[in-house]
Amino acid sequence: MYLDHNITMRIARILGKIDMSALLLDASGNVVLPEGDQRHFTLPEAVRTNPTTPLVYGGVTLIGTDDEQPVYLCLQGDSNDVKNCAMLCAELINMVAKTDVGQVNREQSLRMMLRGDVEGAELESMAAEHEIPLSRSRSVLYFYFTDIESDAAMQMLQNSADDDDMLCEVGRNAIAMVKNVEESVDFTEMEEYAAAIENTFLTETGSTVFIGVSDPRGELSQISEAFAEARAAIDVGRIYHSNRHVFLYRNLLLERFLNDVPADIGVGYNTQIFNRKTARLFNDEMVHTIETFFENSLNLSETARKLYIHRNTLVYRLEKVQRTIGLDLRTFDDAVTFKMMMLLGKSNAARRNNRM
């Protein structure tokens, strides 16, 4: 269920009337209210299975607004009064958020398709009404803006889009572009296209934009899968590559794999290298050195040039790592081992930050 600005403001007024801390989460666990809160939470399976039944979880009360397309309300506290308040607020929010599907415009229809809110005959009817072909190769680009709202960014994106591309707002700071592509799409060109848009926003507004690019889909019925991939590309990419802003879903295979490793297993492997004994060795300077070395394909000369240090200084640092943990990062196998352990640490840190 998508909540536009007007609906969000009405829900905010409802939550503002209650005397307790409250969060509104979308179906993926992203915080919708309060505005500006960028956290993401993993919703318990119990509340996903029975959304409208209040669930006490870690000192908070969770409840969904309906059984089919819920958003979730999280209230601080676990008393009966809190549960009753949660049920009442959820019912009010559900009433506010209900949309008459038969009266939505083209952008609203596209938004519902992207979020998987319509399917089958309903999707085909919407597509016919708004002249959206059912079969065509398309990729979804998801734009997340940190400093400007989506309505202010829409015009700039319209200037960058082709005539047959489709744009719609999918959040207060997010826009999706459904872009027609060739079946044998060149993803290098797609990445360059996204990077050009990123640079335009940075140059003209000074604002940072994160861009996720999905794999292509040939059927409109699969467009929600592409939308999920584009969002996931940003979510996963930002964990492992904090210096980047453009993320292709297909280029994050290792990162997606490591993100799916159970937390306890990831911690166990990560701490074999990163622990109290090695904390002084792996300071910010050493980690930056190693990451730059990896980014430059284990090329000693190029890495030294990028770091503005002598080649022998770089060799000394890498040999110090080898003496301490037994891995020679100049060899491919040891470099891969180290990188995986390092990325597992980033994944575990992200999980701690997102814990409910």
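**Entry 1**

I began with strand 1 (residues 22-25), which pairs with strand 2 in the antiparallel sense over 2 bridges. I then looked for a residue pair and found L25 opposite V31 in strand 2. The model I am reading is a predicted one.

I moved on to strand 6 (residues 135-145). Is strand 6 mostly covered or uncovered? I read it as mostly covered, with 9 of its 11 residues buried.

I went through its pairings in turn:

- Strand 8 (residues 174-180) runs antiparallel to strand 6 and is joined to it by 7 bridges; Y144 stands opposite A174 of strand 8.
- Strand 9 (residues 209-213) pairs with strand 6 in the antiparallel sense over 5 bridges, and here L141 faces V213.
- Strand 10 (residues 217-219) is also antiparallel to strand 6, with 2 bridges; R138 has R217 as its bridge partner.

**Entry 1: helix 11 against helix 13**

I looked up the packing of helix 11 (residues 284-295) and helix 13 (residues 311-325). The angle is about 105° and the axes are 11 Å apart. That angle makes helix 11 roughly perpendicular to helix 13.

Which residues make the contact? On helix 11 I noted E285, M286, T289, I290 and F293; on helix 13, L314, R317, L318 and V321. By class, I have 6 nonpolar, 1 polar and 2 charged residues in this contact.

**Entry 2: the whole chain**

The protein chain has 14 helices and 11 strands. Its C-alpha atoms fill a box of roughly 70 × 55 × 35 Å along the principal axes. I noted that 47% of the 356 residues count as buried. The accessible surface comes to about 18500 Å², and carbon and sulfur atoms hold 46% of that. Among contacts with a separation of 6 or more, 58% are between residues 24 or more positions apart.

Technical notes: Residues are numbered from 1 along each chain as its sequence is written. This is a predicted model: local features need pLDDT of at least 70, side-chain atom pairs count only at pLDDT 80 or more; totals for chains, interfaces and linings use all residues. Side-chain values use heavy atoms; hydrogens and water are left out. Axes are lines fitted to C-alpha atoms, for helices over the stretch in contact, and angles run from 0 to 180 degrees between N-to-C directions. Helices (H or I, at least four residues) and strands (E, at least two) are DSSP runs, numbered from the N terminus. Angles under 35 degrees count as roughly parallel, over 145 as roughly antiparallel, 65 to 115 as roughly perpendicular and the rest as oblique. Contact means heavy atoms within 4.5 Å. Ala, Val, Leu, Ile, Met, Phe, Trp, Tyr, Cys and Pro count as nonpolar, Asp, Glu, Lys and Arg as charged, and the others, Gly among them, as polar. Two strands pair if DSSP finds at least two bridges between them. Buried means under 20% relative accessible area, exposed over 50%, partly exposed in between (1.4 Å probe, protein chains only). Accessible areas come from the Shrake-Rupley method with a 1.4 Å probe; for residues, only the protein chains shown count as cover.
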